[in-house]
Amino acid sequence: MEIQCGIGCRLICLRDYHQIRVRLDVSKRAYNFCAGPAALPEAVLQRAQGELLDWHGKGLSVMEMSHRSDEFVSIATKAEQDLRDLLDIPSNYKVLFLQGGASQQFAQIPLNLLPEQGTADYIDTGIWGQKAIEEASRYGHVNVAGTAKPYDYFAIPGQNEWKLSKNAAYVHYVANETIGGLEFDWVPEVGDVPLVCDMSSDILSRPIDVSKYGMIYAGAQKNIGPSGILVNIIREDLLGRARSVCPTMLNYKVAADNGSMYNTPPAFAWYLSGLVFEWLKEQGGVAAMGKLNEEKQRTLYDFIDASGLYSNPINLTDRSWMNVPFRLADDRLDKPFLAGADERGLLNLKGHRSVGGMRASIYNAVDINAIKALISYMAEFEKEHG
């Protein structure tokens, strides 16, 4: 029996007594340039599909397991170890798998790290940095130590322009702004002050030195897994600083003391994230992924820069490897460009509503073939409309 799904994929259902297996025709899959939830590796999706009804012969899905069971604990333990291996995380850092996304951390961070009469330094490089500043301001004094506003958010201010506080509880910045397409290619130097970084959209895209940070956090739905779970890598000495009013569920130390299982965690998202970590190790790890990502972004930017129809306004040294915004010379061409892209299976290229234009998000799971297909279409469209 064949069932036609809404996106044109062919699902073939095979009934075998008490089991139903569903096989996806991956040849019909599109190139997905969505900023998030983003593309996942096909190999991960296929493996999850194969284990959906029966995980390792246990006769049930991961979605049905007790999070206290030996089976799920083994999944969680392996996911953490694989992430530690990939990022070479030092032993004095805890790895937390938390519910919610990065936006929840905007409140959770000051509740855990900002004393009631203290000050935190924040760097404003775009919309996500601004949201973090706005939320943290509800819980204490925030010093905007640096801002990209004088550069119309097309460049990151150098650290020589920052005005850091003398006794900041921490310094917060967003490594990669998914909407504006700005990315740090350097790590701020803030002395002994804990450096807190939102790496939601570029974690695992190239090697980093975790030891330079007090805390790294990342929503999963870009380079890690599906939405609904967040990874927090926090130095142990920063635990136990939460305010008395901090809800138990938001206390980092409670999460660490309970292995991220104070209550039922987002188990299936955790499992899928673990599969992504396994896949990354099979690709050669973060260093190998960094080389591929460098090639992908350079190929796309080189085409845009040589074009007469497309443009990217970001300062060359601050361009994002993960999110490439571009505009057409005539906004009236936006709709036909997007329509043609959709027809060719090049999906989710519309820019964020706050900035318009186009945006190609080229995370780890978006391979070089997707970049080549996009460039081929862009060249065809420019020939017709340029």
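Modeller: Let us begin with a helix on a sheet. Helix α3 (residues 102–113) lies across β5, β6 (119–124), β8 (171–174), β11 (195–198), β12 and β13, and runs at about 155 degrees to β12. Helices (H or I, at least four residues) and strands (E, at least two) are DSSP runs, numbered from the N terminus. Contact means heavy atoms within 4.5 Å. Axes are lines fitted to C-alpha atoms, for helices over the stretch in contact, and angles run from 0 to 180 degrees between N-to-C directions.

Biologist: On what basis are such values given?

Modeller: This is a predicted model, in which local features need pLDDT of at least 70 and side-chain atom pairs count only at pLDDT 80 or more, while totals for chains, interfaces and linings use all residues. Residues are numbered from 1 along each chain as its sequence is written, and side-chain values use heavy atoms, with hydrogens and water left out.

Biologist: In what order do the strands of the open sheet of 7 strands stand?

Modeller: Two strands pair if DSSP finds at least two bridges between them. Here the order is β5-β13-β12-β11-β8-β6-β7, and the pairing is mixed. The edges are β5 (93–99) and β7 (141–147); each has a single partner strand, so one side of each is left without a neighbour in the sheet. On average, neighbouring strands of this sheet are turned by 20 degrees against each other, direction ignored.

Biologist: How many bridges join β12 to β13?

Modeller: Strand β12 (residues 215–219) and strand β13 (residues 229–235) run antiparallel and are joined by 5 bridges. M215 has I234 in β13 as its bridge partner. Helix α2 also packs on this sheet, where it touches β5 and β13, and its direction makes about 125 degrees with that of β5.

Biologist: At what angle do the axes of α2 and α6 cross?

Modeller: A helix pair is read from its axis distance, angle and handedness. The axes of helix α2 (residues 70–87) and helix α6 (residues 267–282) come within 9 Å and cross at roughly 40 degrees. Angles under 35 degrees count as roughly parallel, over 145 as roughly antiparallel, 65 to 115 as roughly perpendicular and the rest as oblique. α2 and α6 are therefore oblique to each other. A crossing is left-handed if the near helix is turned anticlockwise from the far one by less than a right angle, and right-handed if clockwise; that of α2 and α6 is left-handed.

Biologist: Which residues of α2 and α6 meet?

Modeller: From α2 come F72, I75, A76, K78, A79, D82, L83, D85 and L86, which meet A267, W270, Y271, G274, F277, E278, L280 and K281 in α6. By class, this contact of α2 with α6 has 11 nonpolar, 1 polar and 5 charged residues. Ala, Val, Leu, Ile, Met, Phe, Trp, Tyr, Cys and Pro count as nonpolar, Asp, Glu, Lys and Arg as charged, and the others, Gly among them, as polar.

Biologist: How does α1 pack with α6, and is their crossing left-handed or right-handed?

Modeller: Helix α1 (residues 42–50) packs against α6 at an angle of about 130 degrees, with the axes 9 Å apart. That angle makes α1 oblique to α6. Their crossing is right-handed. A43, V44, R47 and A48 in α1 meet Y271, L272, L275, V276, E278 and W279 in α6. The residues of this contact divide into 8 nonpolar, no polar and 2 charged.

Biologist: Where does R206 lie, and with which side chain does its own make a polar contact?

Modeller: A polar contact is a pair of N or O atoms within 3.5 Å; within protein, one must be able to donate a hydrogen and the other to accept it, and residues adjacent in sequence count only if both atoms are side-chain atoms. R206 lies in the loop between β11 and β12, and its side chain makes such a contact with the side chain of E183 (3.2 Å). Leaving aside neighbours within four places in sequence, R206 is in contact with E183, F184, V286, G290 and W321.
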